[in-house]
Amino acid sequence: MTHVEPESSSAFELLVGVLRLIFDLVMLAVVMLVIGFFIFTGSIERSQLEPRTADGIAVLTGGAARIDKAMKLLTQQKAKRLLITGVNRTTSTEELKQLASQGDQLFSCCVDIDKEARNTIDNATETSQWVARNHYTSVIVVTSNYHMPRALAELARVMPGVTLIPYSVVDNNVHLDRWWTFPGTTRLLISEYLKYLPALARLGATQLVSKLITGKTTVAIEDPTEP
């Protein structure tokens, strides 16, 4: 006598197979996320490296030291002009000058202030407009070291063909060595990593569309370790 397996049993096995596949894919995604996070933390600059000269300097607000470091670069004639992007609308020029240990006299001639940007995406948009107005082809990007990967991704997305030169500001309150023993640093790095992934995806999508339309992609981010 031929045994016919109930249809319900086949459906159950199919369901189990689908659930197992979903579980395997989720676990793979988690593993990839964890590996990516360790790569991300390992790639963050631990020291400040002197940048070469460029047409302009763009500093993304978010820490007082960023503006001070950017102003020092301007006084060293590393660029022609400086853009401070993401300034609070209630902050005055005099208050910004107080954040600069030197070069405050350059505010009247060589510093532009953007008060429209509210996040890194806005920073990139305002910077790209500033670069276009001034016909710049190279920009020194000043921001905190842990924020630099996301900033470069957003800037590269809206400024293809413009050379981006990272100048990472090292925050002594962010403990990158043995970061897992400092809860505050760990939370900061996880938050920054989760924001960086969508920025990287947007950059990749933009590059893909550009390649499909023009047949090429142009993203120039200079390695700060190179002379």
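## Legends for a first tour of the chain

**Figure 1. The whole chain, seen through its surface and outline.** The accessible surface of the chain comes to about 13000 Å², and 59% of that area belongs to carbon and sulfur atoms (Shrake-Rupley method, 1.4 Å probe; for residues, only the protein chains shown count as cover). This is a predicted model, in which local features need pLDDT of at least 70 and side-chain atom pairs count only at pLDDT 80 or more, while totals for chains, interfaces and linings use all residues. Residues are numbered from 1 along each chain as its sequence is written, and side-chain values use heavy atoms, leaving out hydrogens and water. Seven helices and six strands make up the chain's list of elements (DSSP runs numbered from the N terminus: H or I of at least four residues for helices, E of at least two for strands). If you follow the sequence, these elements come in the pattern α-β-α-β-α-α-β-α-β-α-β-α-β. The chain is more spread out than a compact globule, because its radius of gyration of 23 Å is well over the 17 Å that the globule rule gives for 227 residues (taken over C-alpha atoms; the rule is 2.2 Å times the number of residues to the power 0.38). Along its principal axes, the C-alpha trace spans about 100 × 50 × 40 Å.

Figure 2. How much of the chain is buried? Of its 227 residues, 37% count as buried (under 20% relative accessible area; exposed is over 50% and partly exposed in between, with a 1.4 Å probe and protein chains only). Among contacts between residues at least 6 apart in sequence, 78% join residues at least 24 apart (a contact means heavy atoms within 4.5 Å). The chain carries 22 positive and 23 negative side chains, and the centres of these two sets lie 5 Å apart (Lys and Arg are positive, Asp and Glu negative, with His and the chain ends not counted; each charge is placed at NZ of Lys, CZ of Arg, CG of Asp or CD of Glu).

**Figure 3. A disulfide between cysteine 109 and cysteine 110.** A search of the whole structure turns up one disulfide (a pair of cysteine sulfur atoms within 2.5 Å). Cysteine 109 and cysteine 110 form this link, with their sulfur atoms 2.5 Å apart. The angle about the S-S bond is -90°, and the link is left-handed. Cysteine 109 is partly exposed, at 41% relative accessibility, whereas cysteine 110 is buried, at 16%.

Figure 4. Among the buried residues you can look for Met148, Pro149, Leu152, Leu155 and Ala156. Arg150, Glu154 and Arg157 are also buried here.

**Figure 5. Serine 144 in strand 4.** Serine 144 belongs to strand 4, residues 138-144. Is serine 144 buried or exposed? With a relative accessible area of 6%, serine 144 is buried. Leaving aside residues up to four places away in sequence, serine 144 touches Arg66 and Val169. Tryptophan 180 is 36 residues from serine 144 along the chain, and their C-alpha atoms are separated by 19 Å.

**Figure 6. Valine 170 and its neighbours.** Valine 170 sits in the loop between strand 5 (163-169) and helix 7 (183-214). At 29% relative accessible area, valine 170 is partly exposed. Which residues does valine 170 touch, not counting those up to four places away in sequence? They are Arg46, Ser47, Gln48 and Asn145. Leucine 212 is 42 residues from valine 170 in sequence, and 38 Å separates the two, C-alpha to C-alpha.

**Figure 7. Two loop residues with a positive phi.** Most residues other than glycine have a negative phi. Glutamine 77 is not a glycine, yet its phi is positive at about 60°. Glutamine 77 lies in the loop between helix 2 (64-75) and strand 2 (81-85) and is exposed, at 65% relative accessibility. Arginine 178 also has a positive phi, near 60°. Arginine 178 is found in the loop between strand 5 and helix 7, and this residue is exposed, with a relative accessible area of 51%.

**Figure 8. Alanine 205 in helix 7.** Alanine 205 has its place in helix 7. Its relative accessible area is 42%, so alanine 205 counts as partly exposed. Asparagine 119 and alanine 205 are 86 residues apart along the chain, with 20 Å between their C-alpha atoms.
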